[in-house]
Amino acid sequence: MKSGLSLIALALAFTAPVALHAQDKADDKARAEKPVADYEPQVRTTKLSGTFGGQRINYAATIGETIIKNKDGVPEVAVVTTSYIKEPRDPNRPITFLFNGGPGSGTVWLMMGAFGPKRVAIPGNGTDDGAPPYPIVDNPDALMDVTDVVFIDPPGTGFSHLIGKADPKDYYGVTQDAKLVAEVIRRWLNDNGRWNSPKFLGGESYGTTRSAAVANQLMNETYNDVALNGIILISTVLDFAAGADTPGNELSPITNLPSMAATALYHGKATAPSVEQFVEEARQWAIGPYATALLKGQKLEGEERAQIRRELARFIGLSETYLESADLRVTPSRFYKELLRDRGLTVGRLDSRYTGKDYDSAGESPDNDPSFYGIDASYTAAINSWSRDGLGFKTDREYQSIGRSVGPWDWRIGGRDSNSYLNVAPYIGQALRENSGLRVLVAQGYYDFATPFFAAEYALSRTGIPQDRIAYKYYDAGHMMYIRDEDRHKLSADVRAFIKGQ
């Protein structure tokens, strides 16, 4: 049940909030009216305390702009970072840099859902968040007991933005974005005296793509290396070919099948002793008999085809008639609509535990994703309340939770086939081969179709990627597994142990 407190009351409950003064507004107006060359960054620091991992921690929360200039010294980007630093400061303490995905998504999800000192409390059982007010509560699962944390919003996400006549093509792309984020990290290390601290890098969704690309920029692209101790991949997407629903691409039905099996089991369309047992069986069948069958194409006939059809129906809960009509290849969008069609429901993409009710039960794809519209309003309210009222950041700009100002995105990363599907997994492989102290944590939800867990396993099991320093953790939720209380606790414990080297 949602608290009866208003968001204003919740903001007043924050420890030592920054007061809002008329002078603040005057300063912001003056900043906006100055020429681009004189752009002054806004930085706000609040002293707070909280209990994290069972420890009482005093910390400084700083939300501020880092200004990136072009070669002529003209400001072109204002990147907003939000850092939480334990006090007294310790230069030997680990520092973790986090961002979300999209590529146009702000850090609202990880900050207000998983690892920030405050979080928004919403139902974690697959039901929607309803209407405000939404409780903003202390988050004992935040990581402040083991690491300082810096959340980074690249331009076009959160409050970050391009300045003046900056060309979006210089910043909106896999490599361009990675170079910018790497520069922000180097600047932060300079400004805070943290060059010799243990360093961790992490992201969610496209943020895992960004993690691989940023790691490449930090460790491989210059001689001014920033070595990393760990990379945290939450809801991983590295090889985009594995999930491309393009006719003729047989990887997509293979890598999606274990997620379909987990979803069918969750909704009572399949039977098994446990989700762990069932998805392992689905993995082995997908990469074995199913992959062989799909590669045979139209040469798959007779009893062999019938046997594959029967097994596929057992795993994913759809009728053999439907599977035959789909030529044994069910796209995720069709699966969302078909699995519970007999109940008049669809299942979610980000989290297939969620169900939605469409305008009607015809058609082959859902009207919308119930696992996104089931959570987005609460997170938007929370990040604005916390950043503006709790931390005192003043701006007329909208916070871009899922930024529509980002794009078009340059997906090329160079090499022989510059127009091929993006695959940044080799960056992870090179980083592991060239840094013996680097480890990788992969956190995946069973009910996530945006970044299926088997596709992450596939991408990271390819040639050239050492396997002995990659750890996989799994959760009984979807893309944002932390919305489920039990999985937020587990994710926090897993990341804590990873940072501590356990």
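Not counting residues up to four places away in sequence, Asn216 touches Glu221, Tyr427 and Gln430. This contact set, like every feature reported below, comes from a predicted model. Asn216 itself is found in helix 5, which spans residues 206-219, and with a relative accessible area of 3% the residue is buried, because burial is assigned to values under 20%.

When neighbours within four places in sequence are left aside, Arg349 is in contact with Tyr336, Asp369, Ser371, Tyr447, Asp448, Phe449 and Ala450. Between Arg349 and Ser333, the C-alpha to C-alpha distance is 8.1 Å, at a separation of 16 residues in sequence.

Aromatic contacts were examined next. A pair of aromatic rings is described by the distance of the centres and the angle of the planes. The structure holds 23 aromatic pairs. In one of them, the ring centres of Phe159 and Tyr399 lie 5.1 Å apart and the ring planes stand at 90°, so the pair is edge-to-face. This pair links distant parts of the chain, with Phe159 in the loop between strand 7 (148-153) and strand 8 (161-162) and Tyr399 in the loop between helix 12 (376-390) and helix 13 (425-434), 240 residues apart. Phe159 and Tyr399 are both buried. For Trp285 and Phe315, by contrast, the centres are 5.3 Å apart and the planes are at 35°, so the pair is tilted. Here too the pair links distant parts of the chain, as Trp285 belongs to helix 7 (residues 275-295) and Phe315 to helix 8 (residues 302-316), 30 residues apart; Trp285 and Phe315 are both buried. Ring pairs also link Tyr172, Tyr206, Phe240, Trp409 and Trp411 into a cluster.

Charged groups are likewise placed over aromatic rings. The charged end of Arg210 sits over the ring of Phe99, at 5.4 Å from its centre, while Arg462 lies over the face of Tyr458, 4.0 Å from the ring centre.

Two helix-helix contacts were considered in turn. Helix 6 (residues 251-266) packs with helix 8 at an angle of about 55°, the axes being 7 Å apart, and this angle makes helix 6 oblique to helix 8. In this contact, Leu257, Met260, Ala261 and Ala264 of helix 6 meet Leu312, Phe315 and Ile316 of helix 8. By class, the residues of the contact comprise 7 nonpolar, no polar and no charged. Phe315 is thus found both in this helix contact and in the tilted ring pair with Trp285.

Helix 3 (residues 108-115) and helix 15 (residues 485-499) pack at an angle of about 100°, with axes 10 Å apart, which makes helix 3 roughly perpendicular to helix 15. On the side of helix 3 the contact involves Gly113, Ala114 and Phe115, which meet Arg488, Leu491, Ser492 and Val495 in helix 15. The residues of this contact divide into 4 nonpolar, 2 polar and 1 charged.

Key:
Residues numbered from 1 in each chain as written. Predicted model: local features only at pLDDT ≥ 70, side-chain atom pairs only at ≥ 80, totals over all residues. Heavy atoms only, no water. Phe/Tyr/Trp six-rings, centres within 6.5 Å; stacked < 30°, edge-to-face > 60°. Helix = DSSP H or I, 4+ residues; strand = E, 2+ residues; numbered from the N terminus. Buried < 20%, exposed > 50% of the residue type's maximum accessible area, 1.4 Å probe, protein only. Lys NZ or Arg CZ within 6 Å of the ring centre and 35° of its normal. Axes fitted to C-alpha atoms, helices over the stretch in contact; angles between N-to-C directions. Parallel < 35°, antiparallel > 145°, perpendicular 65-115°, else oblique. Contact = heavy atoms within 4.5 Å. Nonpolar A, V, L, I, M, F, W, Y, C, P; charged D, E, K, R; others polar.
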